[in-house]
Amino acid sequence: MFKNYLKIAWRNLLKNKGYSAINIGGLALGMAVTLIIGLWVNDELSYNDYFSKKDRISQVFQSQTFNGNTSTGPAIPRPLEMGLRNGYMDNFKHLVMSSWNNPLYLNYKEKSLSKTGNFMQEEAPELLDLKILKGEKNGLRKINSIMLSESVANALFGDEDPIGKVVKANSQYDMEVTAIYEDIPMNNSFHDLEFIMPWEKYLTVFEWIKNAEDQWGNNSFQMFVELADNTTTDQVTASIKDVKKNLNKETAEFNPQLFLFPMKDWYLRDSFENGKQVGGRIKYVWLFGIIGAFVLLLACINFMNLSTARSEKRAKEVGIRKSIGSHRNQLIYQFLSESFLVVLFAFGIALFIVLLSLDGFNDLARKEITFPWSNSFFWLISFLFVLFTSLLAGSYPALYLSSFKPVDVLKGTMTTGKYAGLPRKILVVLQFTVSVAFIIGTVIVMQQINYAKNRPVGYDKEGLIQIPTMSQDFQGKYDLMRREFLESGAAIEMSASSSPTTQIWSNRSGFNWEGKPDGFQEDLAWTEVTPEYAKSLNLKILDGRDFSREFATDSSAILINESAVKHMGLTDPVGKYLRDDDTEDPNPPLKIIGVVQDMIASSPYEPVKQGIYAYDKEGNVSFYNLRLNPDNSASENITTIEGVFQSHFPDIPFQYDFVDAEYGEKFAAEERIGTLSAIFTALAILISCLGLFGLTSFVAEQRQKEIGVRKVLGASVFNVWNMLSKDFLKLVAISCFIAVPISYYVMNGWLQDYPYRVILEWWIFVLAVIGALAITILTVSFQAIKAANSNPIKSLRME
Amino acid sequence: MLLQLNNIFKWVQQGGQRVFLLKDINLQVEEGEFISIMGPSGSGKSTLLNVIGMLDDFDEGEYSFLDDPIHQLKEKHRAKLYKEYIGFVFQSYHLIDELTVYENLEMPLLYKKHSGAERKAMVADMLDRFNIVGKKDLFPAQLSGGQQQIVGVARALITKPKLILADEPTGNLNSTQGEEIMQLFKQLNDEGVTIIQVTHSEKNAAYGKRIINLLDGRMV
């Protein structure tokens with residue numbers, strides 16, 4: 001029986017090659033989009049799956065409130081460790097203090113690599129359940145030990161056995177390799193954990209880290225925990241939330257609330273607003289999930305419309321089968337198996353499309369998705385997907401076709417009444433509503449990106465590079481290096497700063513100044529810079545003066561930005577003093593000598609944060625900022641700079657970043673979404689147009705006789721074209737009416753996430769509507785004009 | 001008795017008035033009969049045939065088929081009955097264009113759940129009996145009208161029905177082909193198959209043992 005159905009289906013497919021191509025092609029495209037999105041969503045959802053204890057690992061987070069604004073983050077103070085170890089350890093199986101992910105230079109013999117890793121406490125390998133390939137799992141016991149990832153070990157040692165060898169870190173510390181662990185794959189939070197060194201070592205590296213031991217206000221560290229067996233995240237959060245508040249009175253005014261942030265949320269739900277978890281990347285998972293579902297729906301609608309439109313051709317068969325003794329159920333089964341065949345076919349092509357486009361997609365989406373050939377679960381899901389799609393696409397046609405009455409059909413009196421086409425029309429409207437909404441959405445995303453991109457950054461980011469200098473090697477070398485770089489002719493100005501120009505690494509509060517309102521809790525970005533900072537960035541001084549090496553007193557001078565003037569409520573800022581709250585502070589008060597223009601250091605979608613640029617006294621800078629000589633090409637400049645750099649730091653790999661490229665990274669997420677949604681929109685429109693194309697050719701065929709008669713009676717080509725196109729244009733116009741308010745509502749909501757955002761203008765919507773109508777006219781016209789130009793004698797003689 | 005119609009009425013509403021398609025039809029058919037239904041266009045011949053074949057409903061009256069009261073049965077049971085006992089032959093043959101002769105003959109068997117081997121034997125039997133073995137792999141469009149109708153009859157017979165309903169089976173055929181089909185019917189009737197045919201032609205009607213005349217939905 002099934003064979004018989006398949007045979008009929010197959011022969012029908014061959015007989016109507018045009019329809020089959022549109023049906024299968026459209027479905028294949030739709031399924032390919034859904035498959036790719038499915039793989040992407042799966043990849044997103046399986047983030048951190050590498051860690052066997054994913055469900056039991058948490059990071060300790062902290063919310064603090066300044067002036068009524070609650071900010072939440074992973075940074076915690078060092079004394080919290082003892083606070084929790086004394087009395088709360090029954091909540092945890094493991095507790096691990098950790099540094100941030102820092103770059104370090106690793107040397108072995110003549111090899112020198114810059115790698116990133118953490119300083120962590122002894123139980124880290126156990127907590128993360130690292131797969132140890134060589135050496136011992138408990139590799140952090142001795143203070144001078146280091147654990148390396150497999151690829152780092154290979155890069156450093158090649159064929160040699162690394163265990164027991166000594167690696168020089170930052171050309172200062174001799175570290176003995178105790179273990180090699182498997183590389184942590186890309187879609188995991190610790191994928192850049194290329195080495196681990198003992199926490200105890202970290203405490204000896206910098207003075208400030210040692211000093212932080214009892215500083216409750218110094219939130220500069222991380223803490224990871226594994227829950228004890230008998231407890232849950234919520235229970236532990238409830239028991240530890242006030243630990244810091246209770247142990248330290250000074251910071252209690254900020255109401256520090258501790259909580260456990262579980263690993264399964266790290267990647268997808270890491271946004272906090274006023275201390276509450278408000279989602280994160282998960283919204284993109286939803287967004288693309290919905291897009292995938294809609295694209296599939298569009299393709300299924302094509303199938304439904306084309307199958308039911310052609311119903312009259314199949315009606316005879318239905319009549320015969322019924323009179324021969326087929327039940328309606330059997331016919332439904334037959335039509336469903338037919339759609340299964342078509343969908344299966346389309347799925348095959350879709351797989352092929354996915355294979356061809358996966359690399360390109362990975363580049364766009366910055367993923368490393370591989371095709372899961374050997375994953376039986378994937379094939380099971382695929383089978384269900386095919387089944388689901390064939391039901392979605394095939395059930396309406398099956399129900400419709402199998403409902404014909406044999407008498408009507410066989411007598412030839414079956415009429416597809418006035419409303420027979422109504423469901424078809426509704427489906428077309430649905431299709432174009434989705435397409436138009438996609439168009440509008442994509443245009444607005446693109447606009448928002450461009451809007452933020454064109455926002456003035458406040459400094460000149462072109463021709464500016466930064467070189468990371470976060471190592472003891474650079475201490476005290478700034479003046480020398482500046483002289484050397486400038487003399488080489490590759491740079492015309494240079495400065496150093498404690499954080500990169502495109503980020504804020506440090507925030508401070510606890511100042512006093514003349515006229516400070518009572519109880520005001522200031523929150524200021526803090527960057528330590530060398531005196532040439534403003535000059536090297538072309539940052540404008542709006543009031544007062546820049547730092548100068550001429551004045552010895554400038555070592556306690558600061559520049560503040562425009563936003564800081566507003567934030568602190570200063571009317572005449574130059575000459576005012578900022579004093580540290582702490583009375584024992586040995587440092588002299590900070591004198592405001594100038595106001596600089598606001599520059600975007602964090603998100604380009606947000607207002608510029610109020611900030612202080614302080615004179616760098618200690619020489620602890622983290623970055624050199626070099627203004628390249630515009631008379632040379634960038635590559636010449638870089639070669640020269642590298643030469644100078646290597647002559648002074650032969651053991652350190654030369655690394656640099658163009659500041660404008662770093663700044664561009666801030667748009668990466670939005671740009672990816674913009675590009676992907678543009679592609680998906682194009683595909684959605686293509687699929688909808690395929691369906692429209694099929695429907696027009698069907699209508700033209702159905703009305704062939706009518707067209708013939710009209711032409712004989714004197715209708716022009718234009719009349720006929722108009723007659724055929726009008727109906728479809730009406731439908732698309734209705735779609736626009738529905739799509740415009742929906743997309744306005746949705747996109748307006750999306751834009752609310754961005755304080756600095758584009759204003760929704762009416763012409764975007766008008767443009768999208770005109771575009772949709774133009775595409776419709778183009779699609780429909782091809783068939784309409786063909787029909788209008790056909791010879792009426794031919795169509796009439798057929799009768 | 002094969003079937004019995006008592007006071008069958010069928011009507012449609014047109015402009016608030018009932019237009020009768022069948023009016024008070026009373027008919028008894030015994031097994032082995034060969035009945036011809038005659039009458040002018042629009043007299044209700046095909047409607048009557050469709051009602052007998054259970055393809056069409058009626059509005060009033062009683063219809064029993066092999067002692068089953070059809071007017072009380074659900075669609076599903078009716079389908080089961082006619083599947084089992086009735087074969088249809090149509091004026092325009094109504095073969096499925098996408099299937100070969102062989103597959104067209106096989107189709108009714110598929111709905112009756114015969115095993116593959118059984119089906120093969122039965123189809124081969126029919127092909128043999130109607131001398132169309134050489135045509136078994138051709139599609140309907142490749143056959144003449146007469147040949148298509150022979151396939152149509154063979155398809156109606158393959159499930160061994162008690163009753164053949166034929167709606168102007170020769171209407172689309174030339175006289176030689178028509179003659180051939182009528183001879184075939186006569187031969188089948190001699191073998192015991194009950195036949196009811198609708199026809200315009202006196203000559204074809206004469207093959208029947210009984211003639212029913214209809215006029216405006218009424219038996220005359």
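**Exercise 1.** In this predicted model, determine what distance separates the centres of domain 1 and domain 3 of chain A, and describe the side of domain 1 of chain A that touches domain 3 of chain A.

*Solution.*
1. Taken over C-alpha atoms, the centres of domain 1 of chain A and domain 3 of chain A are separated by 22 Å.
2. With C-beta atoms within 7 Å as the criterion, the contact involves 21 residues from domain 1 of chain A and 17 residues from domain 3 of chain A.
3. On the side of domain 1 of chain A, two or more residues each are given by helix 2 (17-45), helix 11 (282-309) and helix 13 (328-365) of chain A.
4. Helix 11 of chain A supplies the largest share of this side, 10 residues.
5. By class, this side of domain 1 of chain A holds 14 nonpolar, 5 polar and 2 charged residues.

**Exercise 2.** Characterise the side of chain B that touches chain A.

*Solution.*
1. The contact pairs 17 residues of chain B with 19 residues of chain A.
2. Helix 2 (75-85) and helix 3 (101-110) of chain B are the elements that give two or more residues to the side of chain B.
3. Of these, helix 3 of chain B gives the largest share, 4 residues.
4. The side of chain B divides into 11 nonpolar, 2 polar and 4 charged residues.

**Exercise 3.** State which residues of chain B the UniProt annotation "domain: ABC transporter" covers, and give the helix and strand content there.

*Solution.*
1. The annotation, from an unreviewed UniProt entry, covers residues 3-220 of chain B.
2. Over residues 3-220, chain B is 35% helix and 28% strand.
3. The end C-alpha atoms of residues 3-220 of chain B are 20 Å apart.

Note on methods. Residues are numbered from 1 along each chain as its sequence is written. Chains are lettered from A and ligands numbered from 1 in the order in which they are written. This is a predicted model: local features need pLDDT of at least 70, side-chain atom pairs count only at pLDDT 80 or more; totals for chains, interfaces and linings use all residues. UniProt positions are given in the numbering used here, feature names are shortened, and annotations may be inferred rather than shown by experiment. Domain bounds come from an automatic or database domain assignment. Two residues are in contact if their C-beta atoms, placed from the backbone, lie within 7 Å. Ala, Val, Leu, Ile, Met, Phe, Trp, Tyr, Cys and Pro count as nonpolar, Asp, Glu, Lys and Arg as charged, and the others, Gly among them, as polar.
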